[in-house]
Amino acid sequence: MNLRLHIWRQAGPNDTGMLKTYDLANVSEHMSFLEMLDVLNEELIAKGEIPVAFDHDCREGICGTCGMVINGRPHGPLARTTACQLHMRTFKDGDEIYIEPWRAKAFPVLRDLVVDRGSFDRIIQKGGFVSVNTGNAQDGNTIPIGKPDADRAMDAAACIGCGACVAACPNSSAMLFTAAKIGHLASLPQGQAERSSRAMNMVLQMDTEGFGACTNHYECEAACPKGISAEFIAQMNRDFVASALGGKG
Amino acid sequence: MELNSALPGGPIQQRWDKHRAELKLVNPANKRKFSVIVVGTGLAGASASATLAELGYNVQAFTYHDSARRAHSIAAQGGINAAKNYQNDGDSVWRLFYDTVKGGDFRARESNVYRLAQVSVNIIDQCVAQGVPFAREYGGYLSNRSFGGAQVSRTFYAKGQTGQQLLLGAYQALMRQVGLGKVKLHNKQEMMDLIVVDGRARGIVTRDLVTGVVRSHMADAVILATGGYGNVFYLSTNAKACNVTATYRAHKRGALFANPCYTQIHPTCIPQSGDYQSKLTLMSESLRNDGRIWVPKTKGDHRSPDQIPESDRDYYLERKYPSFGNLSPRDIASRAAKEVCDEGRGVGPGGLGVYLDFSDAIRRLGEKAIADRYGNLFEMYERITGENPYKVPMRIYPAVHYTMGGLWVDYNLMSNVPGLFVLGEANFSDHGANRLGASALMQGLADGYFVIPYTIGGYLAQGGLAAVSSEGAEAQQAVKDAEQKIQTLLSIGGKRSPDSFHRELGKIMWDKCGMARNESGLKEALQRIPELREEFWQNLVVPGSGTELNQSLERGLRVADFLEFAELMCFDALQRNESCGGHFREEYQTEDGEALRNDDDYCYVAAWEHTGVGNTPTLHKEPLSFENVKLATRSYK
Ligand SMILES: Cc1cc2nc3c(=O)[nH]c(=O)nc-3n(C[C@H](O)[C@H](O)[C@H](O)COP(=O)(O)OP(=O)(O)OC[C@H]3O[C@@H](n4cnc5c(N)ncnc54)[C@H](O)[C@@H]3O)c2cc1C
Ligand code: FES
């Protein structure tokens, strides 16, 4: 198939950036979306132009490195599918495709489609863990955890930290990302000791980083390639309020 | 050069305890006076950084990823082994040790493997305490499944995302230490070189991938946990950025590289679909618990799979290896697939595929049970191929997956360069010539959580470390070398992109040093690789500059190292005149096509010393002795 691509080009953090148009011919339907960009980049290099910078690594939908807004939707048109797992059979001959970076104050653009997501790491630093040093642990089976709790923890822990939730949110809120980690640990007995301070500290860091507030649009849930449920946000809010009332933090 | 592997003596069950008791200790107040560089934040690096910081050391951790959470370890699907014997099915530390030595085709060190089996049980406990959501039974207890090469169920898992959950556990422990100020984390920094001062590893040179700044970092010891080199084949199941630069640069600075030719080809990957293919996707081996592998009995049978009756199917693994069947070890299952495809019985485009069929399991257990076990893998398969594996059997083909070779290390995980430690897939230590499924995660975490925290203390406590600084001659020279190399790459101004060289190199390696190797093919590769390298330095084009985010430059630098390293792999494969594990030399096979090992002449670790680019490297041999598991021909029949 032949495609017309409109891609965000921005040489560096201080450049203003703009959409540039490229025509790409003979795209196979079996290619992944990123392979299509690889082919474009090889053509650009051959022509002596600068290839499009984009982040990726596993190309299996698990590392959370890839991320781009495709035709207005984070990771593109398919539900529960990262950009790297999107295949060209989703598109058809003659399509025009708009490709842009995540847009959020807390995710500054570094170049083209590459953004800095360091703010996510700093949120985790504030409490997204169980404080247990290596060597402290007792036998794994001494803490039985019912299958429903274990499964619920796993559902939340499946977050890949890609940032699509932020890109989808009209307020650029990081609620779903933060709630997923809080929800993972709050579903398990191991996470209880620090439950209240965790919610407080992580939410405060989220605000410090410049992420917006949640006004219940739930675009995040729809955009999440791992299908993380927005119910975890409600739980986080309860934990946060409980923590604030308890005066802990 | 004398290779001192520092192996403790005595009964194998007591060696690690005895060794730990004899290691010198750094007292708690002194730990904060020592600084340690850890390159890599995968399972091995993150677990090491977190644990060393908990102990009080000052840690500087480096990764080329934008976050420590994204290392290649995240992609591991199937699970992690541990000798817990929760299933009461006869497992024990001894059996895990035995299976690993045998699975490695008797080319690993007994002492290391025994220690690995011992600490495996602590890993599970530690991860559970961190909140890793391992799969549970309804009663709340940990669930297990079985993996290739074992007859017990000892694999712990978190859906099909075990690597992700283990890595997030280690990452969270690491971020806690970053928050506490005990670890300084450097994201998006690529190690370009090792700095050796007075014969000891004392620092690294890095390039900032955003600004392009090249600089040195100094410390009392350097740990490399930089993963494997499977991407030398271009197409592999490894993440795209995986590369050999860190370990290869250390090799050029004097560290020996051990068994580079031992690479693992995984039997269950999605076949290639075209020449734009950028990587191959693994379908976890755990699928072989319930999927049955088959091809048509006759060549050229192009009926669709549901039209082929039972009587016309060849379940070749069940037929050839009745006691392990579909769960035969990876090297054996991969070669068997190649064999049936070479016979013309392969399925799918180009005949490079075999069926992995779940219809029996779905009939037996129901679609829901299968979805519970493998749902995300089935989804992934459908996304990539456009076919529904609940209805149509999967098509799979072997692909490069893991590298058993790596930098040579002693029992303390220290290379022959004092102060340079190597953990995880980057070292060679525990898997011999073939790694069993679910054992890489175990090894990475064993090294990081439970081995290095002890052994590095033994090194640092010996003292004798002079003060060093970035102003020193060695550091300045190493920075200059790296800057020079970048400038050279940028100024070639040729016509071919880094990727095009990488693809060509990968093809040579897959054809000549892949699933099967022979003398003439390896000699041909040893001719073609230097020619390709020559062309690379004449005809490469890297657009842009060195002082900005430049992904073509990153690739160019990595490919430059692969082009040198590939030669080393071929030298190693050529000298090993036997077949063992993942190394199959066509000249050395039994009448029915099984690998023919030669214990009289090749029961050693091949550790290579660098002697200059383009020169034949020098081979050092570390003899292996088997006192506990009797050397025997591996049989899975
Ligand atoms: C698809 C797939 C599935 C797998 N499934 C399983 C499984 O189910 N069970 C199992 O046991 N094993 C499995 N494995 C193998 C296992 O995942 C790996 O062997 C293991 O995770 C390697 O961990 P590591 O910490 O050694 O290295 P990695 O996770 O590869 O980490 C390397 C780190 O080093 C950094 N790095 C590398 N070079 C540099 C440099 N020059 N400068 C700065 N940083 C650098 C990277 O940024 C990264 O942080 C699987 C592998 C693949 C490919
Ligand atoms: S590249 Fe890893 S999730 Fe897309």
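In the predicted model, ligand 1 is surrounded by 37 residues, the closest of which are B:T63, B:S73, B:M191, B:E425 and B:L441. By class, this shell consists of 16 nonpolar, 18 polar and three charged residues. Four elements of chain B, namely α3 (43-55), β6 (189-197), β15 (394-403) and α12 (440-461), each contribute at least two residues to the shell. The highest contribution to the shell around ligand 1 is that of β6(B), with three residues.

The distance to a polar backbone atom of B:A44 is 3.0 Å. For B:A440, a backbone N or O atom is found 2.9 Å from an oxygen atom of the ligand, and for B:L441 the distance from a ligand oxygen to a polar backbone atom is 2.8 Å. Taken alone, ligand 1 exposes 1000 Å², and 99% of that area is buried by the protein.

The space taken by ligand 1 is the largest cavity of the model, with a volume of about 810 Å³. In total, 17 cavities of 30 Å³ or more were counted. The lining of the largest cavity comprises 50 residues, and those nearest its centre are B:H72, B:S73, B:G227, B:G228 and B:E425. Of these, B:S73 and B:E425 are also among the residues closest to ligand 1. At least two lining residues each come from α3, β6, α7 (245-252), β15 and α12 of chain B. Here α12(B) gives the most, with four residues, whereas β6(B) gives the most to the shell around the ligand. The lining of the largest cavity divides into 19 nonpolar, 25 polar and six charged residues.

The second largest cavity has a volume of about 470 Å³. It is lined by 30 residues, of which A:H56, B:A241, B:E554, B:R555 and B:R558 are the closest to its centre. Two or more residues of this lining are supplied by each of α14 (498-513) and α16 (551-575) of chain B. The largest share, six residues, comes from α16(B). By class, the lining of the second largest cavity contains 10 nonpolar, eight polar and 12 charged residues.

Key
Residues numbered from 1 in each chain as written. Chains lettered and ligands numbered in written order. Predicted model: local features only at pLDDT ≥ 70, side-chain atom pairs only at ≥ 80, totals over all residues. Heavy atoms only, no water. Near = heavy atom within 4 Å. Polar contact = N/O pair within 3.5 Å; in protein donor to acceptor, adjacent residues only side chain to side chain. Areas by Shrake-Rupley, 256 points an atom, 1.4 Å probe, with all protein chains shown as cover. 1 Å grid on protein atoms, 1.4 Å probe; cavity = no way out; pocket = protein on both sides within 12 Å on 5 of 7 lines; lining within 4 Å. Sits in = over half its atoms within 2 Å of the grid points. Nonpolar A, V, L, I, M, F, W, Y, C, P; charged D, E, K, R; others polar. Points joined across faces, edges and corners; volume = space filled by probe spheres on them.
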